[in-house]
Amino acid sequence: DWDLSDEQEGFVTLNQAARLQSQCRLFAPGYRQLTLGGLGSLFSGEPSGEEGDPFADVLDAFETYMAEDNGGRGFVLIGHSQGAGMSNQLIRTEIDPNEDVRDLLVGAYLAGGAVTVPDGEIVGGDFQHVPLCEREGEVGCVITWATFRSTAPPPASSFFGRPRGGGGVAGCVNPAAPGKRSTLDSYFTADAEASIFAPGDEADEATSWIEPSAG
């Protein structure tokens, strides 16, 4: 669906990425995502049967950004779920092998996906040069994680928290404090009616965020 609207795609973008606007200019490409049915077919080894190549859209958006908007600035990649997979492929094919582009990578946040690394290592699986982050303030590295309840760790058959291919392990970096353990703080939109499933009437309200009190 190329009819990107403020009430749908625009609202989801605000909901998931608006807090980053205090530090960055945001570029959010629209691409032909696979449906859940298409993803199921893909992971079972069968053709999805859906039109279009999602990664071709993402690659086109990245190349357009680099040519028209980057201007030699450092950039940060952010992807969630299917977007994390798209960002993984973008790093693997366009950034990791090319030193000039790799030097501009400030960092990548890939949530709800999997970046494969050899067990006990920070690089050498999906990426040969771009490592997992190990400390705060580090640049040119990847923060990746999948979230589970402390009382319900992922089972051996989990779809998340493990590599999608054979060999290695799924990297895991604490997004709040790389290389450390910490308690995460939650933030929610100030609009009580807002969610990624039920947009509120005023999409710009999603740019205001609150932190719930302990009480």
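Me: What is the handedness of the link of C133 and C141?
Reply: In this predicted model, a disulfide joins C133 to C141, with an S to S distance of 2.0 Å. The angle about the S-S bond is 95°. With that angle, the link of C133 and C141 is right-handed.

Me: How many disulfides does a search of the whole structure find?
Reply: A disulfide needs two cysteine sulfur atoms within 2.5 Å. The sulfur atoms of C133 and C141 meet this cut-off at 2.0 Å. The count for the whole structure is 1.

Me: Is C141 buried or exposed?
Reply: Buried means under 20% relative accessible area. C133, its disulfide partner, has 9% and is buried. C141 has a relative accessible area of 1%, so C141 is buried.

Me: Is C172 buried or exposed?
Reply: The cut-off for exposed is over 50% relative accessible area. C24, at 37%, counts as partly exposed. C172 has 63%, so C172 is exposed.

Me: Which parts of the structure does the pair of D57 and R32 tie together?
Reply: The side chains of D57 and R32 meet in a salt bridge, 2.7 Å from N to O. The two residues are 25 apart in sequence. D57 lies in helix 3 (residues 54–70) and R32 in a loop, so the pair ties helix 3 to the loop between helix 1 (6–17) and helix 2 (36–43).

Me: Is D57 buried or exposed?
Reply: Its salt-bridge partner, R32, is partly exposed at 31% relative accessible area. For D57 the relative accessibility is 11%. Under 20% is the cut-off, so D57 counts as buried.

Me: Which residue meets R135 in a salt bridge?
Reply: The structure holds 2 salt bridges. R135 counts as exposed at 51% relative accessibility. The N to O distance of its salt bridge is 3.9 Å, and the cut-off is 4 Å. The partner of R135 is E138.

Me: How far apart are the end C-alpha atoms of helix 1?
Reply: Helix 1 has 12 residues, with F11, N15 and A17 as its buried ones. At 1.5 Å a residue, a straight helix would reach 16 Å. Helix 1 falls short of that, its end C-alpha atoms being only 14 Å apart.

Me: How many residues of the lining of the second largest pocket are charged?
Reply: The second largest pocket has a volume of about 730 Å³. Of its 25 lining residues, W145, A146, C172, V173 and N174 are the closest to the centre. The lining holds 13 nonpolar and 8 polar residues, and the charged ones number 4.

Note on methods: Residues numbered from 1 in each chain as written. Predicted model: local features only at pLDDT ≥ 70, side-chain atom pairs only at ≥ 80, totals over all residues. Heavy atoms only, no water. 1 Å grid on protein atoms, 1.4 Å probe; cavity = no way out; pocket = protein on both sides within 12 Å on 5 of 7 lines; lining within 4 Å. Points joined across faces, edges and corners; volume = space filled by probe spheres on them. Nonpolar A, V, L, I, M, F, W, Y, C, P; charged D, E, K, R; others polar. Helix = DSSP H or I, 4+ residues; strand = E, 2+ residues; numbered from the N terminus. Buried < 20%, exposed > 50% of the residue type's maximum accessible area, 1.4 Å probe, protein only. Expected span 1.5 Å × (residues − 1).
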